[in-house]
Amino acid sequence: MQCNFVSVSPESDFSIQNLPFGVCTTSGSEAPHVTVAIGDYALNMATLAKLGLFQSIKGLDAESVFSKPYLNDYMSLGRSVWQAVRHELQDFLSNTHNALRGQISASDVSVVTPLREVQMHLPARIGDYTDFYASREHATNVGIMFRGKDNALMPNWTHLPVGYHGRASSIVVSGTPLHRPNGQRRQDQTKPPVFGPSARLDYELEMAYFVGPGNNLGTPLTLQQAEECIFGAVLMNDWSARDIQAWEYVPLGPFLGKSFGTTISPWVVTMDALEPFRVPQPTQEPEPLPYLCDESGSPAGYDIHLAVDIKPKEGGEFYPLTRSNLRYMYWSLRQQLTHHAINGCNMRPGDLCGTGTISGPAEESFGSMLELSWSGQKDITLGDSGITRKFIEDNDVIRISGYCQGDGFRVGFGQCVGEILPAKRA
Amino acid sequence: MQCNFVSVSPESDFSIQNLPFGVCTTSGSKAHHVTVAIGDYALNMATLAKLGLFQSIKGLDAESVFSKPYLNDYMSLGRSVWQAVRHELQDFLSNTHNALRSRISASDASVVTPLREAQMHLPARIGDYTDFYASREHATNVGIMFRGKDNALMPNWTHLPVGYHGRASSIVVSGTPLHRPNGQKRPDQTKPPVFGPSARLDYELEMAYFVGPGNNLGTPLTLQQAEECIFGAVLMNDWSARDIQAWEYVPLGPFLGKSFGTTISPWVVTMDALEPFRVPQPTQEPEPLPYLCDESGSPAGYDIRLAVDIKPKEGSEFYPLSRSNLKYMYWSLRQQLTHHAINGCNMRPGDLCGTGTISGPAEESFGSMLELSWSGQKDITLGDSGITRKFIEDNDVIRLSGYCQGDGFRVGFGQCVGEILPAKRA
């Protein structure tokens, strides 16, 4: 399938095989509205709906749903509607005989806006945000650093996808600067804690997925239902203040060390777009309990190339920090979501679930500076710049990117970018 | 001040000194709307607004705000609006010469509904829910049970109000039945974990407060600002599955052991109504860091009598379980909220913060069955019924209640009730 509505380069994240959803404003359209990305352009879905592109789809009031400033209503409609919309879009973009191709051209500004002219917003109202801890390599690295090799992984880790509730209010869209947080820290265990700017600020390379239709309180999801429930995925930076986190987190978990800000990329790549990139998840040992065991389903992992780069305050260039892949993830997305709802907890359209830091076996794949610097014990060298880091410094910019490589096309996630500004005076 | 609009008994929770806010539907008004309780009645605030009761209040579009199905918009308006509304209401209810008294009588069904005919709903859309752990007695009891007397309180506990993010979606209003959750437990550490209904289901006696105007991301609150920010409080039952919680919670905190359901009472008692019941909070040792230290403010504790009773499945009567008081709380509400925002985390109108289980020094004041049965080691006797419990059984009903005792009047919270239904087959 080829897009012949606009030209799309083979290295573009936004191929006709992708068609991610986002919410944006443009100069010509004041209210935030739903768009789909193709090549270097954003397509106004509300306008396409008005022109009738989706009128044959049962259960979809397209004009209403795509005029909303958030994707929650669309996410609630479920897989058969999502697939029908995808089908109509792909036909419009690839088939010159499509009915609307006679009415809309690529220079039609009510439909087509260059991406450089759009301002992206959070794609959904996030009712609840959960963060998992599903990478065995990451959990092991952190465990070795804090408890030694023999006690690295906690006993529960291989039996259930460990997770915690995060702060929804401070999830921001890529491009939003964040201030270094102030908080309590206790570097010296022989002295009382002190208050001030975090001295160990870190990024965490994660992905996050949006829940679609959800479940009622009291009624859990099977693995199959959980898979059908997932709308799509974004990149996520779970910024972490390691010193604030270390002092506060026993026994109730991470709190202020995380809640000062979490950044996500704006384009939600649908699970349908990721379908060709399924790979088996890592073998699980021991075998999980039956509710997490899925012999019948399609491979539950995804081959998604992930990268983190840093533009240090001193320099004008980006240097590599992390090269990883979602395929390393021990607990699959559907296992995480099934576990989340197994006690009857109700998931709602627009809920966001993070995978946890995605680290692989090799050092270059470690998804955080905590791991790359081994808790600040060694320097991370930035390319051949001579600049080094242990943790993030003021005015550094961290950029996360990712894509799936198809045969002559890519399905990519755009960017998840953030600059750290100096701490405010407390 | 006396209410002469309707008669209010001295034992009523809903005195003219209270005037709590709630959201309800009635047979006559099927859309959710804002009401205020007085005696045995609910007053329709949208109708009172239409009739002009609040028209002189600057910054308040009363008809619009009180017609909303949630209190978030009203909560966002801040203390001077809340106090002006309170003043108008009190004048209407106590002053026969008030302009509206000649137009509205107590039998006017568009304004006045008997409480027994009102169905209450969640009072706000809760964007984020946080639970603190602010009772020294509770944290110590739990610590002794799990780590022994010498390691009872973690080192951070006396330095910061420990808290964690909870699940917002599963917060339900009083009266909503909840199913016993299924989940992973590991009762025998020498064997693998098992899956099934929780065998150690518990209640937790808490209070919770709603955030009003909030703060922007990156801009913390001072103690004084935090105090001004708090709209009002409710009772909260933080139902807990102790076995699910114990297996999952290391290292990232409570998750599924809590998220199957959390119940709150429907009437939000304003901080203005609680003003006469301030008491000093317990002495803090060591003195907290400056951002949590408040020498200039009014006493930060509240004398609120709290009770938990159980109607066991075998019987038709309620028996006492806990008799406690908010005044035992080590970390005050304003300290909790200040700490929550100190890293720049943005609080939003309608956010809910729980205090954590409120236990006092005496056994009768322990706020959970975990403490009353000392981790299931001893039986709790229910009055003189002969019935005993260690934890909650199917079809038990747990009821929380609470009030402040004034001179000839009460400011009370109504009830926070829930029945536990059997686990669904997994």
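This is a predicted model: local features need pLDDT of at least 70, side-chain atom pairs count only at pLDDT 80 or more; totals for chains, interfaces and linings use all residues.
Q: Why are E9 and E21 of chain B called edge strands?
A: Start with the sheet, which is open and has 5 strands in the order E9-E26-E25-E20-E21 of chain B, with mixed pairing. Its edge strands, E9 (178-179) and E21, each pair on one side only.

Q: What makes E20 (residues 305-311) of chain B largely enclosed by the rest of the structure?
A: Buried means under 20% relative accessible area, exposed over 50%, and partly exposed in between (1.4 Å probe, protein chains only). In E20(B), 5 of the 7 residues are buried, so the rest of the structure largely encloses this strand.

Q: Why is Arg399(B) said to sit over the ring of Phe318(B)?
A: The rule asks for NZ of Lys or CZ of Arg within 6 Å of the ring centre and within 35 degrees of the ring normal. The charged end of Arg399(B) sits over the Phe318(B) ring, 4.0 Å from its centre. Arg410(B) likewise lies over the face of Tyr403(B), at 3.8 Å from the ring centre.

Q: Why is the aromatic pair of Trp157(A) and Tyr330(A) called tilted?
A: Rings of Phe, Tyr and Trp (its six-membered ring) pair if their centres lie within 6.5 Å; planes under 30 degrees apart are stacked, over 60 edge-to-face, and the rest tilted. By this rule there are 28 aromatic pairs over all chains. Trp157(A) and Tyr330(A) are 5.1 Å apart centre to centre, with 50° between the planes, so they make a tilted pair.

Q: What makes the pair of Trp157(A) and Tyr330(A) a tie between parts of chain A?
A: Trp157(A) is in the loop between helix H5 (136-147) and strand E7 (163-166), and Tyr330(A) is in the loop between strand E21 (319-325) and helix H10 (333-341), so the pair ties together parts 173 residues apart in sequence. Trp157(A) has a relative accessible area of 2%, which makes it buried, and Tyr330(A), at 3%, counts as buried too.

Q: How do you know that Ser375(B) is buried?
A: Its relative accessible area is 19%, and that is under the 20% limit. Ser375(B) lies in the loop between helix H11 (369-372) and strand E23 (380-381) of chain B, with a positive phi of about 60° although it is not a glycine.

Q: Why is Asn395(A) called partly exposed?
A: At 34% relative accessible area, Asn395(A) is partly exposed. This residue of the loop between strand E24 (388-389) and strand E25 (397-405) of chain A also has a positive phi, near 70°. Most residues other than glycine have a negative phi, and most peptide bonds are trans.

Q: How do you know which peptide bonds are cis, with Glu285(A) to Pro286(A) as one of them?
A: For the bond from Glu285(A) to Pro286(A), omega is near 5° and the bond is cis. Pro286(A) belongs to the loop between strand E18 (278-279) and strand E19 (301-302) of chain A. The bond from Val250(B) to Pro251(B) is also cis, with omega near 5°.

Q: What makes Asp128(B) and Arg167(A) a salt bridge?
A: A salt bridge needs a side-chain nitrogen of Lys or Arg within 4 Å of a carboxyl oxygen of Asp or Glu. Their closest N and O atoms are 3.5 Å apart, so the pair qualifies. The rule finds 4 salt bridges across the interface of chain B and chain A.

How values were computed:
Residues are numbered from 1 along each chain as its sequence is written. Chains are lettered from A and ligands numbered from 1 in the order in which they are written. Side-chain values use heavy atoms; hydrogens and water are left out. Helices (H or I, at least four residues) and strands (E, at least two) are DSSP runs, numbered from the N terminus. Two strands pair if DSSP finds at least two bridges between them.
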